[in-house]
Each structure stands twice: as structure tokens, then as C-alpha cells.
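Subject: Structure handover

Hello,

Here is the structure I promised to pass on. Please open it before reading further.

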Amino acid sequence: MTPMTAGITRAGDGIEGVRWNILGQIYVPKQHTESSLSWHATFPPGTFVPPHIHPTQDEFLYILQGKLTAVLDGQESVAEPGDTVRLPRGQPHGLFNRTDADVKCVFWVSPARRLYDLFWALHNLGPQANPADVVAISAKHEVDFLPPPDAE
């Protein structure tokens with residue numbers, strides 16, 4: 001991995017011009033090193049990240065615009081602009097835009113592990129990917145999705 005260089009990643013730009021469509025959400029990577037990965041995310045209305053676990057990473061979100069529902073270890077909370085959401089490694093969490101407006105936020109994880117590669121793999125599946133493919137690919141990249149509540 002290339003070491004981080006000093007500089008500014010401009011609003012709307014991703015490192016090396018990268019923009020991922022992850023199941024209808026737009027992720028724009030802002031920096032990537034072995035120790036961390038950050039990205040700007042846009043969640044259109046009705047989009048979500050199902051409950052999952054990062055066994056090897058701590059994850060954080062800073063809400064810029066809109067209201068995002070976070071399900072943290074089974075408990076729902078709503079994060080609003082200016083709020084920081086802390087998602088410790090090993091704890092289940094899901095993120096949902098249950099509003100009629102876009103949610104914009106900045107994510108970061110530490111350490112980066114294989115998440116950058118996972119986003120490329122999910123982007124390549126397309127916005128209407130088969131959920132079973134998403135789950136299988138994610139597991140190979142150290143993100144474990146939980147079964148739906150009715151499947152338990």
C-alpha cells in the first residue's frame with residue numbers, strides 16, 4: 001500500500017477519481033492507508049446497510065446532512081447533522097435512511113484491513129446485486145452480515 005501523502009481531497013472528488021455505487025449508495029473514498037480508510041457517503045431515501053459486524057475494525061460516521069437511523073446491537077437511535085456514530089469492532093450494527101431526503105455523512109474505519117477491496121467488489125456487482133453474493137463477498141473481506149430476523 002502506498003503511504004499517505006499530504007494534500008487536499010476536494011469536495012465531490014475521491015482519491016484517484018474513484019466513486020463507488022454500493023447497492024444504490026454513493027461512496028467517495030477520501031483517504032486510504034493501512035491504518036485507516038475514510039469516505040463520503042450519500043444514502044438516498046430508503047437505502048440501508050443491513051446489520052453486520054466488522055470483527056477487525058472500529059467504524060465511525062459523522063453526519064453532515066439528514067437523519068440516519070443506526071441500529072446498534074439491536075437498539076435504534078437516530079443520528080442528525082453534527083452527530084458522530086461510534087461502531088466498535090465486533091458489535092452488530094445496521095444503518096438506514098428512513099426519510100424522504102438524502103443523508104450525507106463521512107465514514108472512517110481503523111484499521112483499513114480489506115474494506116477498500118470490498119467496496120470495489122461490491123461496486124462491480126452493480127446496484128441491484130443478489131444479496132447472497134453481497135454476503136459471500138463481504139465475508140471474504142472481513143465483514144459478516146447477520147441473517148434477517150425471520151431467518152433466525
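Below is what was found in it, from overall build to local detail.

Please keep in mind that this is a predicted model.

Overall build

The protein has 11 strands and 2 helices. Along the sequence the order is β-β-β-β-β-β-β-β-β-β-α-α-β. The radius of gyration is 15 Å, close to the 15 Å that the globule rule gives for 152 residues, so the protein is as compact as a globular protein of that length. Along the principal axes, the C-alpha atoms fill a box of roughly 45 × 35 × 30 Å.

Strand β6 covers residues 68-72, and strand β7 covers residues 75-79. They pair in the antiparallel sense over 5 bridges. Within this pair, Leu68 stands opposite Ala79 of β7. The hairpin of β6 and β7 has 2 residues between the strands. Look at Asp73 there: its phi is positive, near 55 degrees.

Next in the sheet order, β6 also pairs with strand β9 (residues 93-96). This pairing is antiparallel too, over 4 bridges. Here Val71 stands opposite Gly94 in β9.

When you inspect the side chains, recall the general rule: in a regular strand they alternate between the two faces of the sheet.

The helix pair

How are two packed helices described? By the angle between their axes and the distance between the axes. Here, helix α1 spans residues 115-125 and helix α2 spans residues 131-140. They pack at an angle of about 160 degrees, with their axes 10 Å apart. Angles over 145 degrees count as roughly antiparallel, so α1 is roughly antiparallel to α2. The crossing of α1 and α2 is right-handed.

Which residues make the contact? From α1 they are Leu118, Ala121, Leu122 and Leu125. From α2 they are Asp133, Val134, Ile137 and Ser138. The residues of this contact divide into 6 nonpolar, 1 polar and 1 charged.

Over to you.

Best wishes

How values were computed
Residues are numbered from 1 along each chain as its sequence is written. This is a predicted model: local features need pLDDT of at least 70, side-chain atom pairs count only at pLDDT 80 or more; totals for chains, interfaces and linings use all residues. Side-chain values use heavy atoms; hydrogens and water are left out. Two strands pair if DSSP finds at least two bridges between them. Axes are lines fitted to C-alpha atoms, for helices over the stretch in contact, and angles run from 0 to 180 degrees between N-to-C directions. Angles under 35 degrees count as roughly parallel, over 145 as roughly antiparallel, 65 to 115 as roughly perpendicular and the rest as oblique. A crossing is left-handed if the near helix is turned anticlockwise from the far one by less than a right angle, and right-handed if clockwise. Contact means heavy atoms within 4.5 Å. Ala, Val, Leu, Ile, Met, Phe, Trp, Tyr, Cys and Pro count as nonpolar, Asp, Glu, Lys and Arg as charged, and the others, Gly among them, as polar. The radius of gyration is taken over C-alpha atoms; the globule rule is 2.2 Å times the number of residues to the power 0.38.
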